[in-house]
Amino acid sequence: MADRRSRSVSSRKQPQQARSNELVAAILDAAVQVLAKEGAQRFTTGRVAERAGVSVGSLYQYFPNKAAILFRLQSDEWRSTSELLRGILADRTKPPRARLRALVHAFVRSECEEAAIRGALNDAAPLYRDAPEAQAARAAGEGVIAVFMGEALPEAPKATRELAGELIKTTLAAVAKRFSETPRTEAEIMRQADGLADMFCAYLDELARRGRRC
């Protein structure tokens with residue numbers, strides 16, 4: 001039997017008129033509320049339709065199943081994060097280390113502000129994470145990191161830059177997620193972000209020194 005998680009999670013159709021856009025927006029807003037309140041295990045299309053004030057049939061015109069709704073929420077979150085990442089890392093008016101510090105602060109703050117919905121989406125990830133659309137969405141931001149690492153470590157070998165980018169990305173995501181699981185004050189967020197940024201910048205400085213010695 002085929003793994004159900006690998007099926008497509010694309011929306012059934014895209015809204016073309018203002019009224020359709022409003023309906024889809026209402027469904028997604030309701031989905032966020034249901035997910036935050038009920039969690040991934042109790043998330044259903046019926047609950048979403050009821051919260052949105054629409055029929056299940058109307059919901060199915062745009063989303064064939066609950067996995068499609070959850071993937072849309074996740075892909076919107078990925079897109080927002082990618083735009084944040086791209087906007088900070090591509091700003092060449094600032095040196096690479098300053099951009100990295102800004103990114104760390106923005107990412108940690110974003111994780112804390114949206115902890116509830118991101119935690120629920122993470123719990124729901126098995127429903128869509130293996131779908132082709134999810135794999136393509138995750139790959140979209142890789143190029144931005146690669147370009148930045150080339151600027152941050154111009155003398156380092158490509159393999160070193162790739163490893164450094166992957167380590168920074170995965171460490172930031174894991175630490176920020178764990179940190180955001182508990183409500184935090186502004187001072188705590190600042191300290192956490194400063195500590196992570198210091199660590200990443202020290203790591204890049206050491207790699208840069210090694211590159212110059214080669």
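This is a predicted model: local features need pLDDT of at least 70, side-chain atom pairs count only at pLDDT 80 or more; totals for chains, interfaces and linings use all residues.
**Overall build**

The chain has 10 helices and zero strands. Of the 214 residues, 39% are buried. Among contacts with a separation of 6 or more, 72% join residues 24 or more positions apart. The chain exposes about 11,900 Å², and carbon and sulfur atoms supply 53% of that area.

**A helix pair**

Helix α5 (residues 96-113) meets helix α9 (residues 158-180): their axes come within 9 Å and cross at roughly 35°. The crossing is right-handed. The table lists the residues that make the contact.

| Helix | Residues in the contact |
|---|---|
| α5 | L100, V104, F107, V108, E111, C112 |
| α9 | I168, L172, A173, A176, K177, F179, S180 |

These residues divide into 10 nonpolar, one polar and two charged.

**The cores**

In soluble globular proteins, nonpolar side chains tend to be buried together. Here, the largest nonpolar core has 30 residues. L100, V104, V108 and L153 have the most contacts inside this core. Two or more residues come from each of α4 (66-89), α5, α8 (142-152), α9 and α10 (186-213). Which element gives the most to this core? α10 does, with nine residues.

A second, separate core has 24 residues, including V48, L59, A68 and L121.

Leaving out residues up to four places away in sequence, L100 touches F148, I168, F200, C201 and L204. One of these, I168, also belongs to the α9 side of the helix contact.

Notes. Residues are numbered from 1 along each chain as its sequence is written. Side-chain values use heavy atoms; hydrogens and water are left out. Helices (H or I, at least four residues) and strands (E, at least two) are DSSP runs, numbered from the N terminus. Buried means under 20% relative accessible area, exposed over 50%, partly exposed in between (1.4 Å probe, protein chains only). Contact means heavy atoms within 4.5 Å. Accessible areas come from the Shrake-Rupley method with a 1.4 Å probe; for residues, only the protein chains shown count as cover. Axes are lines fitted to C-alpha atoms, for helices over the stretch in contact, and angles run from 0 to 180 degrees between N-to-C directions. A crossing is left-handed if the near helix is turned anticlockwise from the far one by less than a right angle, and right-handed if clockwise. Ala, Val, Leu, Ile, Met, Phe, Trp, Tyr, Cys and Pro count as nonpolar, Asp, Glu, Lys and Arg as charged, and the others, Gly among them, as polar. A nonpolar core is a set of buried Ala, Val, Leu, Ile, Met, Phe, Trp, Tyr and Cys residues joined through side-chain atoms within 4.5 Å.
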